[in-house]
Amino acid sequence: MAKRPKPGPALRHVKYVRVKGQLYAYFNTGAKNDKGNPIYRRLPHPGSVGFYDSYAAMVAGRSRRAAPLYTLADLARVK
C-alpha cells in the first residue's frame with residue numbers, strides 16, 4: 001500500500017492535523033510549556049491568502065533573538 005502524501009506544503013516548523021476532514025496547520029513556536037511539551041500556534045488555512053504572511057511572521061518571531069539580560073555584576077564590570 002502506498003503512503004498518503006503530506007496534506008499541505010512542506011514547511012519547517014509546521015505540523016498538519018486532519019480532523020473530521022478539515023486540514024489545520026500549527027506552527028511550532030520553539031517554546032515549551034511547564035510539562036516540556038512544545039507550544040503550537042494555529043495558522044490560517046494553507047489555501048488562504050494570509051497563510052504565508054502569517055508563516056513568515058511566526059518564523060521571524062521564532063528566530064528573533066532575545067535582548068541580553070544584564071545583571072548588576074555585568075554592569076559593574078569594567079573592560
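Which residues in H1 are buried? Phe51, Tyr55 and Met58 are. The points below start from the overall layout of this predicted model and return to that helix.

1. Overall layout. The protein chain contains 2 helices and 3 strands. In sequence order these elements follow the pattern β-β-β-α-α. The chain has 79 residues, of which 15% count as buried. Taking contacts between residues at least 6 apart in sequence, 26% join residues at least 24 apart.

2. The sheet. The 3 strands make an open sheet in the order S1-S2-S3, with antiparallel pairing. S1 and S3 are the edge strands, each pairing on one side only. On average, neighbouring strands of this sheet are turned by 40° against each other, direction ignored. As background, the strands of a sheet pair through backbone hydrogen bonds, either parallel or antiparallel.

3. S1 with S2. These two strands are joined in the antiparallel sense over 6 bridges. Val17 has Tyr24 in S2 as its bridge partner. The hairpin of S1 and S2 has 2 residues between the strands, and Lys20 there takes a positive phi near 50°.

4. S2 with S3. Here 5 bridges join the two strands, which again run antiparallel. Tyr26 has Arg42 in S3 as its bridge partner, Phe27 stands opposite Arg41 in S3, and Lys32 stands opposite Pro38 in S3. The hairpin of S2 and S3 has 5 residues between the strands, and Gly36 in the turn has a positive phi of about 90°.

5. Geometry of H1. Does the length of the helix fit its residue count, or what span should it have? Helix H1 covers residues 51-63, which is 13 residues, and at 1.5 Å a residue these should span 18 Å. The expected span is taken as 1.5 Å times one less than the number of residues.

6. Helix against sheet. What do the buried residues of H1 pack against? They pack against strand S1 (14-19), strand S2 (22-32) and strand S3 (38-43). The helix lies across S1, S2 and S3, and runs at about 15° to S2.

7. Aromatic pairs. A search of the whole structure finds 2 aromatic pairs. In one of them, the rings of Phe27 and Tyr55 have their centres 5.9 Å apart and their planes at 80°, so the pair is edge-to-face. Planes over 60 degrees apart count as edge-to-face. This pair links distant parts of the chain, with Phe27 in strand S2 and Tyr55 in helix H1, 28 residues apart. Both Phe27 and Tyr55 are buried.

8. Phe51 and Tyr52. The rings of Phe51 and Tyr52 have their centres 5.1 Å apart and their planes at 85°, so this pair is edge-to-face. Phe51 has a relative accessibility of 0% and therefore counts as buried. Tyr52, with a relative accessible area of 44%, is partly exposed.

9. Arg62. This residue is found in helix H1. At 31% relative accessibility, Arg62 counts as partly exposed. Leaving aside residues up to four places away in sequence, Arg62 touches His13, Phe27, Asn28, Thr29 and Gly30. Arg62 and Ala31 are 31 residues apart in sequence, and their C-alpha atoms are 8.7 Å apart in space.

Terms used
Residues are numbered from 1 along each chain as its sequence is written. This is a predicted model: local features need pLDDT of at least 70, side-chain atom pairs count only at pLDDT 80 or more; totals for chains, interfaces and linings use all residues. Side-chain values use heavy atoms; hydrogens and water are left out. Helices (H or I, at least four residues) and strands (E, at least two) are DSSP runs, numbered from the N terminus. Buried means under 20% relative accessible area, exposed over 50%, partly exposed in between (1.4 Å probe, protein chains only). Contact means heavy atoms within 4.5 Å. Two strands pair if DSSP finds at least two bridges between them. Axes are lines fitted to C-alpha atoms, for helices over the stretch in contact, and angles run from 0 to 180 degrees between N-to-C directions. Rings of Phe, Tyr and Trp (its six-membered ring) pair if their centres lie within 6.5 Å; planes under 30 degrees apart count as stacked, over 60 as edge-to-face and the rest as tilted.
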